[in-house]
Amino acid sequence: MAEAHQAVAFQFTVTPDGIDLRLSHQALSEIYLSGVRSWKKRIIRVKNRVISGVYPASPSSWLFVVIAILATMYTRSDPSMGLIAKIQEHLPVSQMSTQCQAVVSAVVFSTMLWLLLIFTMRLCLKQLLSYHRWMFEQHGKMSTTTKIWVALVRIFSGRKPLLYSYQGSLPNLPVPAVKDTVKRYLESVRPLVDDAEYERTNKLAAEFESSLGKRLQWYLKLKALWASNYVSDWWEEYVYLRGRSPIMVNSNYYGMDFQYVTPTPIQAARAGNTIHAFFLYRRKLNKEEIKPWLLRSAVPCCSYQFERMFDTCRIPGALTDSVQHWEDSDYIAVYHRGRYFRLRVYQAGRILSPREIEFQIQRILDDPVPPAKGEAKLGALTAGERIAWAKARREYFSSGVNKRSLDCIERAAFFVALDDDERGMMADNSPEGLDRYAKSLLHGNCYDRWFDKSFTVVYYKNGKSGINAEHSWADAPVVAHVWEYVLAADSFQLGYNEEGHCKGEVDSSLPPPQKLSWEIPSECQEQISRSLAVAQALADDVDFHVFSFREFGKGKIKKCRVSPDAFVQMALQLAYFRDRGTFCLTYEASMTRLFREGRTETVRSCSSESSAFVRALEGGEPADVCRRLFRAASEKHQQLYRMAMTGAGIDRHLFCLYVVSKYLGVDSPFLKEVLSVPWRLSTSQTPVQQAELFDLVNYPEYISCGGGFGPVADDGYGVSYMFLAENMINFHISCKHSCSQTDAHVFGSKIRAALHDLLHLLDPVYKEPNKERSIAEVKKDK
């Protein structure tokens, strides 16, 4: 193969005159430039480690301390109180002059003093960041204590922090008291059970709290003293990596492209710009130039999840999977029409330009070579059962050409899928277009994504794109961060020419992408077919509905003095009650990234207050009574959300207590019951984190559709929502066709009606568009 020959640095042949050695200057140049690039990265990483290691001080502050100490010595004062003299007595070098020894001793003392100051500042910052009362204060009304706290945080935070600068100063996630967690748990289940069932649960909880709970808590506190975070490693291991069911639909999630705009209709051009943008982001990530996420412009959030964004893959195992992360890859893996390609994105030590990447992608699109036997649907192994995939990987991909090709995919920076379909909001604006778009990103054809990769970027024939992400290595906000950057860079930084192609020129000497080779035996092909059948049944069962609610958004909601998130959560409770005639255990994801290595916590959105409000509204109670109950319910929800963010949640603590009980080999009826109840309503808000990248005033059409996930329970709903600008909310609703009680489109209509009804309750002068039609739809659905 031509590309293989170009990768060889030298060739030789034996002739009658001896050995004829022929060097390839191009290959040697590539090796040299690759080494230079590698050393540059190492130097940058070392520099950043030093800067982050001494944060919140700066390396230059060491020189200031040294000069200050030396200056005091010349004034014949001793700020060290005799320590410099002690250091001078014990210096191992005797050949120095007395004055030189004094200077060296002063430098050693200055360095020790500098390190002590850093440790003190970091300890002070850690203590300051453990204060969370600011979160519970009414928005816009900051207490004097909090104002002083904010000032101190900014003083001790230093200047221009790097992405990981705050990691050493973040507090550890606290372990709540067992009695507090049990009390909050009982409060959360009260609206879901009758009196007899509640009394039984109360007895189980009291027995657990007074006996086994104390023993399990002791072990958990011991872990919290030793580990950076007492939850995250067990959460990754037992919730994600030990799951043996397919990760497609059940775990992976997706993110969509712009809703109303397609920057170019040329598939290869769209891939060229966005792939280039991904590597620009990776370069910023390696240099730690991405700003840490600060709440209220002062409180830092943990950034450790960014570490495994690129060059990462989930590896299947018989008992548990693992997450492997490699050094920076200089290529991506590309799938098109059943073939897998290796596409190098670096040439002569630089990132290929968008136009060059477009040229390479077009080469893949135009390549007529058919897939090898068994290659076309190979990706189905990553979509099926994990044990079957682990067994197939061990038997058929552990050596030879198959191992080399599989390593190429798994070690790639990320995975790219080139689809022949057209997706997105079609010209007729039919709502089914977004539904099909969501299903395509979530599972595709069940074999044209590599679900194990940290993320797969999908490019459609009409220029639309999207992303599918594996969940174990990070949560959705981290993936959303890079996706926002890529979309903004694609449209506002890189752009396209008048014909829709990427800007720039093409280096004609670029070697073509390398097609991966496979030798897949018939037994492996049979396993691929079995995995595909499992994945296809799972994908066919998913019912999806995506819609934009445009009548009002967070701007109107805020004018009613209500949290937009609490407003939507109350609407979801109302919609579910109208849909099923009852309440259910509701999951809302909340972050715990205020703590080191924090991930998520659960907000149990269905509360006694929310159920009381819904019953009053549906029971025809007077408007003023309903408004009062709504205010109480929304305030309770905000309280629960803040408690979850500040380490006082319920579910992660109970989960870890359960893990400890399993390690000790003891059974707890209480914990077993807690973890066996399904989340029939699983919800999540997708936040916009980098609004400054998008000019929604001049370019209001450049808004994302958001993203979503599959249903968590067989008889429940998965709901993701995103507030866009001031006047739009996007919803992604999923459920299963196999459950006769759920329908994504029906539930969507109930959410629309609930949103209108809540705003009309809070703002009586609000007139709902097409209200008669909405009510008629709801009655018909009932």
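I am working from a predicted model, in which local features need pLDDT of at least 70 and side-chain atom pairs count only at pLDDT 80 or more, while totals for chains, interfaces and linings use all residues. Residues are numbered from 1 along each chain as its sequence is written, and side-chain values use heavy atoms, with hydrogens and water left out.

Entry 1, helix packing. I looked up helix 7 (residues 178-189) and helix 8, which pack at an angle of about 170 degrees with their axes 10 Å apart; axes are lines fitted to C-alpha atoms over the stretch in contact, and angles run from 0 to 180 degrees between N-to-C directions. That makes helix 7 roughly antiparallel to helix 8, a label for angles over 145 degrees. Helices here are DSSP runs (H or I, at least four residues) and strands likewise (E, at least two), numbered from the N terminus.

I take a salt bridge as a side-chain nitrogen of Lys or Arg within 4 Å of a carboxyl oxygen of Asp or Glu, and a search of the whole structure finds 36 of them. Lys223 and Asp233 meet in one (2.7 Å, N to O), which links helix 9 to helix 10 (residues 232-241). I noted that Lys223 is buried at 13% relative accessible area, whereas Asp233 is partly exposed at 41%; buried means under 20%, exposed over 50%, and partly exposed in between (1.4 Å probe, protein chains only).

Asp475 is buried at 6%, and Arg599 is buried at 3%.

Technical notes:
Angles under 35 degrees count as roughly parallel, over 145 as roughly antiparallel, 65 to 115 as roughly perpendicular and the rest as oblique.
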